[in-house]
Each structure stands twice: as structure tokens, then as C-alpha cells.
Amino acid sequence: MAVSLPQLRAFVATVDAGSFTDAATALGVGQSAVSHAVAGLEREVGGPVVRRGAAALPTSLGDRLLAHARSVLASVDALEAVVRPATARGTVRLAAVPTVCQGLLPRLRELWAVTLPDVDVQVYEGDDDEMPEWLEAGTVDAAVLVDPTPVPAGGVVVAQDEMAAVVRRDHPLAELPALTLDDLHEDGLVAGGGGCEYQIERLHELEGQPFRYAHRVREMSTMFGMIQRGEGVSIVPTLGRGMLPPDLVMIPMARRLERTLVLSGPSSRAWHPLAQALVDAV
């Protein structure tokens with residue numbers, strides 16, 4: 001049996017709140033994350049622990065597990081409090097979007113290697129909207145959040161960059177000092193690569209245009225390949241400049257849009273002591 005702490009936290013929060021929706025609010029995650037966590041616990045223990053209905057009440061099996069779940073969570077919280085003052089040593093899980101993983105984390109990890117030599121930083125790469133959910137669900141201990149509102153208590157701004165167009169170096173648009181959305185749509189906009197879709201939507205909103213695209217992809221490597229083959233152009237953060245193949249170039253957008261990147265631990269639970277150590281070092 002492999003019961004996880006996020007599963008136990010979701011179970012206890014659901015029972016205490018009386019519903020999956022209120023539990024999600026209390027934990028600061030999406031309702032689906034709570035539902036999946038409880039369902040995962042039920043698979044591990046071999047039966048339902050919560051009744052689905054007007055009120056999320058524990059089943060007889062859930063009743064038997066509840067006290068043990070509370071005890072485990074209390075012990076973990078106490079353990080964190082005990083070890084927090086100790087020398088930073090161990091493994092910490094850190095999530096970030098692709099451009100941050102490539103353009104910012106190498107510098108931060110160099111800093112941490114000097115200031116926290118006994119801390120192993122494991123990197124998890126995901127999209128913008130996955131960062132806060134992974135963080136609050138306990139999948140990771142810390143994350144570089146993109147434009148969090150408000151900035152989480154204890155979080156620290158580690159960088160700011162802005163959105164820029166990406167075109168082939170031999171493309172006529174590469175000769176212009178700045179590009180508009182209309183310029184890019186004329187050639188075919190490739191959206192979504194590297195988890196930057198929200199910022200591209202925001203640029204359309206600022207221009208009073210409906211969000212539209214010629215192609216929609218997930219991976220930046222796919223997006224860059226399409227641009228190299230002449231199948232479109234795109235928009236990415238300037239932090240991703242170092243990821244560009246040599247035959248692609250960044251051009252400023254006429255409408256500027258900045259991102260703020262914040263290193264933080266979770267808002268709904270105590271921080272892992274090594275997450276605090278990462279922030280303190282920065």
C-alpha cells in the first residue's frame with residue numbers, strides 16, 4: 001500500500017469541510033485535485049472512504065481511517081517544525097515552467113550549490129496552471145509561479161521578463177523593429193508552446209482581439225520545429241531566448257507584456273524547511 005500525504009490531506013479536508021468543493025477552497029487547489037487524491041486513497045485502502053452526496057461524510061472505513069490520518073498529518077507537521085532550524089540538508093522538489101527551467105533555474109541552482117551545498121534540488125517541469133496546483137497538493141515543495149496574484153506570503157520575486165515574437169531569421173518580419181498580433185496572424189500564430197498560452201491570450205485581450213491561432217501545441221520543441229519549417233510564428237517569454245535554434249530570432253512585441261516570476265512555497269500548509277532555505281538563499 002502506498003498512501004501519500006496529499007491523499008491524507010485531501011481526505012481529512014473533505015471530511016472537515018463537508019464537501020469536495022469546500023475542501024478544495026481550504027487547500028487552495030482545484031476540486032479535481034481533491035477528488036483525484038481521495039479516489040487514489042480509496043484505491044490504496046480497497047474501498048470508499050467518503051460518501052458522495054449532499055454532504056461528504058466518511059464511510060465506516062473512512063471513520064476507521066480518520067483518526068490515523070489526523071495523527072499522521074500532525075506528526076508530519078511536528079517533524080517539519082523540529083527540523084526547520086537544523087542545517088539545510090536533503091532533497092527539495094521544485095516546479096517551474098519550461099522557460100524558467102532553461103533560462104533561470106541554471107543560475108539559481110549555481111547559487112544554491114554554493115549556499116546550500118547539501119541540498120539536492122529536484123526539478124519538475126510543467127505549465128503555468130500546473131504550478132500552483134502541484135504546490136498546494138504537495139506534489140512539489142516549492143515552485144516558481146508566473147504572475148501570482150497576490151504574491152504569496154513569504155515568496156520572493158526572482159525575475160521579470162516580457163513576451164516577444166519568434167520568427168525565422170530569414171523571414172521578412174525579422175527586419176522589423178517590433179511586431180503586432182496582426183503581423184503574426186498573417187503568417188499563422190503557433191500558440192501554447194511551453195505553457196505560455198495565458199500570456200498570448202492576455203496580449204489578445206489588451207489589443208481588444210479574440211484569442212485565435214493557426215496551430216496549438218504543448219511542447220516548445222514542437223513549436224520551434226514548426227517555425228523552422230515555415231509553418232507559422234509564435235510568442236514566447238524573453239527568458240527563453242537561450243532555447244532558440246540558431247535559425248530563429250526574437251523580435252519585440254509592439255504591445256509590451258511583462259511576466260513576474262515568484263519563488264514560493266505553498267499557501268495552504270506549512271512550508272518544507274528546504275523550500276524556505278531556497279527562498280532565504282535568493
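Me: What percentage of the 282 residues of the protein chain count as buried?
Reply: Happy to start there. This is a predicted model, and its chain contains 11 helices and nine strands. Along the principal axes, the C-alpha trace spans about 70 × 50 × 30 Å. Of the 282 residues, the share that counts as buried is 49%.

Me: Of the contacts in the protein chain with a separation of 6 or more, what percentage comes from residues 24 or more positions apart?
Reply: Contact here means heavy atoms within 4.5 Å. Taking the contacts with a separation of 6 or more, the part that joins residues 24 or more positions apart is 74%.

Me: Which residues of α1 and α2 make the contact?
Reply: The two helices pass each other in a right-handed crossing. On the α2 side the contact uses F20, D22, A23 and L27, and on the α1 side it uses R9, A10, A13, T14 and A17.

Me: How are α1 and α3 placed to each other, roughly parallel or roughly perpendicular?
Reply: Helix α3 spans residues 31-45, and its axis lies 8 Å from that of α1, at an angle of about 110°. P6, Q7, L8, A10, F11 and T14 in α1 meet V34, A37, V38, G40, L41 and E44 in α3. Angles of 65 to 115 degrees share one label, so α1 and α3 are roughly perpendicular.

Me: Now for the strands. What is the bridge partner of V92 in β2?
Reply: Strand β1 runs over residues 90-96 and strand β2 over residues 119-125. They pair in the parallel sense over seven bridges. In β2, V92 has as its bridge partner V121.

Me: And in β3, what is the bridge partner of A95?
Reply: β1 also pairs with strand β3, residues 142-146. That pairing is in the parallel sense too, over two bridges. The β3 residue that bridges to A95 is A143.

Me: Which residues does the cis peptide bond with omega of about -5° join?
Reply: One place to look is the loop between β3 and β4, where P150 lies. The cis bond links this proline to a threonine, and the pair is T149 and P150.

Me: How many disulfides does a search of the whole structure find?
Reply: A disulfide needs two cysteine sulfur atoms within 2.5 Å. For C101, the nearest cysteine sulfur is that of C196, 12 Å away. From the side of C196, the closest cysteine sulfur is in C101, and 12 Å is too far for a bond. The number of disulfides found in the whole structure is zero.

Me: Is C196 buried or exposed?
Reply: The cut-off for buried is under 20% relative accessible area. C101, with a relative accessible area of 17%, is buried. The relative accessibility of C196 is 1%, so C196 counts as buried.

Terms used:
Residues are numbered from 1 along each chain as its sequence is written. This is a predicted model: local features need pLDDT of at least 70, side-chain atom pairs count only at pLDDT 80 or more; totals for chains, interfaces and linings use all residues. Side-chain values use heavy atoms; hydrogens and water are left out. Two strands pair if DSSP finds at least two bridges between them. Helices (H or I, at least four residues) and strands (E, at least two) are DSSP runs, numbered from the N terminus. Buried means under 20% relative accessible area, exposed over 50%, partly exposed in between (1.4 Å probe, protein chains only). A crossing is left-handed if the near helix is turned anticlockwise from the far one by less than a right angle, and right-handed if clockwise. Axes are lines fitted to C-alpha atoms, for helices over the stretch in contact, and angles run from 0 to 180 degrees between N-to-C directions. Angles under 35 degrees count as roughly parallel, over 145 as roughly antiparallel, 65 to 115 as roughly perpendicular and the rest as oblique.
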